[in-house]
Amino acid sequence: MAVVKFSWNPSDKNRFALPGMRTNGAKLSDEVLINNARWFIIFRWGVIGVLLLFQVLALIASDELTKIGITHQQGWPLAVTLVLFIANVIYIQTLDFQRHTKYNSPAINIWAQIIVDLLCLSVVVHFIGSIATPAPFFYVLHIALACIFFSTLESLVVTVLVCVMYAAILLDEHPLIFTASQALTIDPGISVLSPLKINIFLWMFTVDVLFIIVWYVVSRLSIVVRIHEHNLVDAYEEIRRAQVEKDRYAVLMTHQLKAPLDAIRSKINLIKGEYCGEVSPEIREVISKIDHRAAGMAALILDVLKLERLKAAARDNNAREQVSIETVIRKCIDKLGPIASSRHIDIKVSLQDFAVEGIPNQLEILLENVISNAIAYSYDNTTIEIVAAVEGTGSYGIVTVTDHGIGIGEKDLPHIFDEYFYTPRAALHNRTSSGIGLSIVKTVAENNKLQIRISSEQNAGTAFSVIFPRLISVVIPETEVHPGVPGSRLVNPQSPPLDSGKSGNELASTH
Amino acid sequence: MHASIQQQNADKLSGQVPGSASDQGSTVAQRIAHIDDDPDIRDTVRRILEANQYAVESYQTMNDFMVSLWNSTNPPDLAILDVMVETMDIGLEAYVEIHKRFPELHLIFMTSLGEEIRPYFTGLSDEWILIMEKPVEPTSFLSIIHSRLENNES
């Protein structure tokens, strides 16, 4: 006997959390560390530049610098510049050109950078003036960066290191601080606390306290930021998963709705193909009508899925590619040509190819919908003109599909992009209209930042233009007339062959 | 239910293709396996293919087909797979598995979702995968089957 336990516990909401993401985020990923290491390196090139400038300045105005208490004659700026330069080259080498191992990780690279920088800064502080100038405050920068990129404990180590280094500089510059304590033991009667010593102690104490405070505040803040950052990553991950789930659900629903229709239509095809014996013309006609309606329903079901997918794809910028408009139009015509010829509708093509950036299959969906609409709402035995051209002295491309059919009424025109909108006139002409085709067009236009212009006249036809505002490159113009159509007329998209000048309606939509 | 369908097909098959090796050169019907959970689609495909001198083995589940394929020494010439049979993407999983073990066997997908199933073909994009959309339309269906099997012979 099989026993299965089902549980729908609402507290189980965080099941999508990534492992390790809920901890307070002590570690940053290698990718983030590498980016920061690179940023440090670039920043350091700037510092090296400043140091070189300082040396030039020292050559020009050495007396003035000595007057303000900056000693430079020992050649320390050159030494520091050289150390930083060599170190920077090594960092780049280990980061980008050596295999990352346990001993060559981005974290170790950043540690090395911080320690070498601290040593160099200490030299600078020593020579520029540990008390006389604000140079020691540059230590704060290292503490803050350590807090941002390292764990709290590691940044504390850096802070302590800074305090020790600063103390070492002060001791080195004022050895009397050290000897004073000896004097104190030898002769307690002599006052050793001279104002200078008090000053130095006070200065060291104040600056160290400042370092600790900076460490505390910045490390707290960076923990808060990291927690938020991880929550955000979690949230994005949950959204992504939810989208995948939603798509699976939509696919499942589409399948469940369409599968019975497909079974019905497969059986109809058996009858139509005379696999079940001869069929009388009357039955064939009825059967064809049943199939036609079922086909419309099947198309609607698939269109709903397509529309949902297109809406979800709006956020996805990775899928953009360079697309040749001629290739897309040719594909659509290959697909829809048979439908047009079955109704004796002739497709005339005049294409000047141009390249646009977009999502390839979406552009195909858009033009396929536009062309199939043109076919669906054309009168039989008419023509459809498809013109692709570059206009505005090469600034934008335009594809115009012009049909000679039922057209769109003036009052309907503003609503044609509404979901599930279709006019009784349209439904009368094309029973399989789902009212979704133009919603798909609108969504694709939004996703790909395209503009749409429609000019239409009732009972005369519609000119549907898709404007591509950002061209990548204009391919050599190549005008072509559809073969086998002698004397086919080319259509100027700016003045469609409809009498739209007076009575036609113009609509700029979606953008 | 599954077993009975398979049994029935197997009986039919052994009748149609007796001692397959010795029959070479004569007009041996090309064998096509069809997997679909919908009995009406199975019936339609069988009628169309058998009327055009193909031998059809129908399976209700992908598992039935795989078991029979693994145990068979003489795999079919072509298999038509449904994508969503027992589970949502069993067809895709089966494709990978079958393609690995029988790289010569031609595989065609037939699904209600048509091209809309393609986003689920991640990792298989470098291969040319043929997807037919249901319903079964005899003329185009036969031309696809025919061209696929012709490629196989050449």
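**Figure 1. A loop residue, Glu274(A), between two helices.** Glu274(A) sits in the loop that links H8 and H9 of chain A (helices are DSSP runs of H or I with at least four residues, strands are E runs of at least two, and both are numbered from the N terminus). This is a predicted model, where local features need pLDDT of at least 70, side-chain atom pairs count only at pLDDT 80 or more, and totals for chains, interfaces and linings use all residues. Residues are numbered from 1 along each chain as its sequence is written, with chains lettered from A and ligands numbered from 1 in the order in which they are written. Glu274(A) isn't a glycine, yet its phi is positive, at about 60 degrees. Most residues other than glycine have a negative phi. Glu274(A) is exposed, with 12 other C-beta atoms within 10 Å (20 or more such neighbours make a residue buried, 12 or fewer exposed, and anything in between partly exposed, with C-beta atoms placed from the backbone).

**Figure 2. Where chain A meets chain B.** Here 19 residues of chain A are in contact with 18 residues of chain B (contact means C-beta atoms, placed from the backbone, within 7 Å). On the chain A side, helix H8 (195-272) and helix H9 (281-313) are the elements that give two or more residues. H8(A) gives the most, with 14 residues.

**Figure 3. H3 and H4 of chain A, side by side.** Helix H3 (residues 76-97) and helix H4 (residues 106-128) of chain A pack at an angle of about 175 degrees, their axes 11 Å apart (axes are lines fitted to C-alpha atoms over the stretch in contact, and angles run from 0 to 180 degrees between N-to-C directions). H3(A) and H4(A) are therefore roughly antiparallel, a label for angles over 145 degrees. Among the residues making the contact are Trp76(A) and Tyr91(A) from H3(A), plus Cys120(A) and Phe127(A) from H4(A).

**Figure 4. One buried face on H2 of chain B.** Helix H2 (residues 39-51) of chain B has 13 residues. Its buried residues are Ile41(B), Arg42(B), Thr44(B), Val45(B), Ile48(B) and Leu49(B). Looking down the axis of H2(B), these fall within an arc of 165 degrees, so they line one face of the helix (the arc is that of the directions from the helix axis to the C-beta atoms). Just after H2(B) comes Gln53(B), with a positive phi of about 65 degrees.

**Figure 5. A cis peptide bond in chain B.** Lys134(B) and Pro135(B) are joined by a cis peptide bond, with omega about 10 degrees. Pro135(B) belongs to the loop between strand E5 (131-133) and helix H5 (138-153) of chain B.

Note on methods: Two residues are in contact if their C-beta atoms, placed from the backbone, lie within 7 Å. The expected span of a helix is 1.5 Å times one less than its number of residues. Angles under 35 degrees count as roughly parallel, over 145 as roughly antiparallel, 65 to 115 as roughly perpendicular and the rest as oblique.
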